[in-house]
Structures are given as C-alpha cells and as structure tokens.
Amino acid sequence: MTNQKSDDLDCPLCSGVGGELLFEDAICRVVLVSGEEGRSFPGFCRVVGTRHVREMSDLSAAEQRRLLDVVLATERAIRAVQQPDKMNLASLGNVVPHVHWHVIPRWRDDSHFPGPIWTAAQRAGKMRKPVDRNALHNALHAALKTT
C-alpha cells in the first residue's frame with residue numbers, strides 16, 4: 001500500500017473486497033452484495049474499480065470501457081439467473097467516493113419499486129429465494145467472454 005493517499009487508506013472499497021467475490025481482473029472486481037440488501041434484492045452486485053479514483057472520468061479510456069463492459073456483463077448475468085422485472089444501474093459514490101457501480105435486480109412487488117432502493121420502503125416486499133451463487137458465477141463468466 002505504498003504511495004497511497006490518506007483517503008485511500010480510509011476507503012472501505014480499498015481496504016476490503018466488499019462482498020462475495022465473483023470476478024476480478026486488473027481493472028475491477030464484481031462482488032455479490034450480502035446482508036439486508038442482498039436478501040431483499042437477491043443477485044444485487046457491485047462492480048468496484050481497482051484503483052481509488054472518485055469519478056469515471058478519472059479513469060483512462062481503456063479502463064472506462066473495461067469497467068462498463070463488466071457492468072453490462074454483470075447485468076446480463078443477473079437477468080439470466082434472476083429474471084427480474086427491471087434492472088437498475090447506479091454509480092453514485094456520494095457515501096463512498098470510490099468508483100463503483102450498483103447492479104440491482106428489481107421486481108414490481110419488491111419493497112421499494114418503483115423508487116430507488118435507498119429511499120423509504122413503500123411496502124413489505126415479497127421475499128425471494130436467495131440467488132444461486134454458482135449459477136450467477138457461471139453466467140457472469142459466460143457473459144464476460146462476450147465482451
């Protein structure tokens with residue numbers, strides 16, 4: 001960790017994996033979200049940039065393309081395995097200023113639909129069975145082969 005800035009050392013996305021690792025290369029990693037978010041939105045993944053940068057425009061053009069290719073492959077894999085009604089892609093970074101994308105499966109009867117998952121729940125959402133991790137892993141790696 002030499003040559004890291006002090007804000008890198010405090011970054012939870014620099015200091016830990018951030019979930020169950022499904023894929024990793026030199027540009028980014030894909031992690032399966034756990035906890036309440038993972039139970040409420042099974043298949044929810046984050047695509048996390050390897051380098052500690054705050055904005056997509058801080059990445060090189062090649063890094064930007066690779067990161068977005070992985071985001072889209074992750075979306076395709078989640079859709080194939082979970083068959084949600086809708087997918088949400090979000091890159092906010094307001095709480096954790098490190099480039100990362102949320103790839104979230106959504107259902108019309110989930111607790112927050114049609115609003116973002118970070119707002120107040122609108123209803124008790126239907127509980128879904130947990131994602132099949134092996135199926136998601138395999139679907140992600142198959143989708144990545146097409147990028």
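On a 1 Å grid over the protein atoms alone, a cavity is a set of points where a 1.4 Å probe fits but cannot get out, while a pocket is an open set with protein on both sides within 12 Å along at least five of seven lines, and lining residues have an atom within 4 Å of a point. Grid points are joined across faces, edges and corners, and a volume is the space filled by probe spheres set on them. The model is predicted, so that local features need pLDDT of at least 70 and side-chain atom pairs pLDDT 80 or more, whereas totals for chains, interfaces and linings use all residues. Residues are numbered from 1 along each chain as its sequence is written, and side-chain values use heavy atoms, with hydrogens and water left out.

The largest cavity holds about 50 Å³ of space, and its lining consists of Ala26, Ile27, Gly49, Thr50, Arg51, Leu59, Glu63 and Leu67.

Among the open sites, the largest pocket has a volume of about 210 Å³, and the residues that line this pocket include Leu13, Arg46, Asn94, His100, His102 and Trp118.

The second largest pocket has a volume of about 160 Å³. Of its 13 lining residues, those closest to the centre are Gly38, Arg39, Pro130, Val131 and Arg133. Helix H3 (residues 35–40) gives the largest share of this lining, three residues, where helices (H or I, at least four residues) are DSSP runs numbered from the N terminus.

Key
Helices (H or I, at least four residues) and strands (E, at least two) are DSSP runs, numbered from the N terminus.
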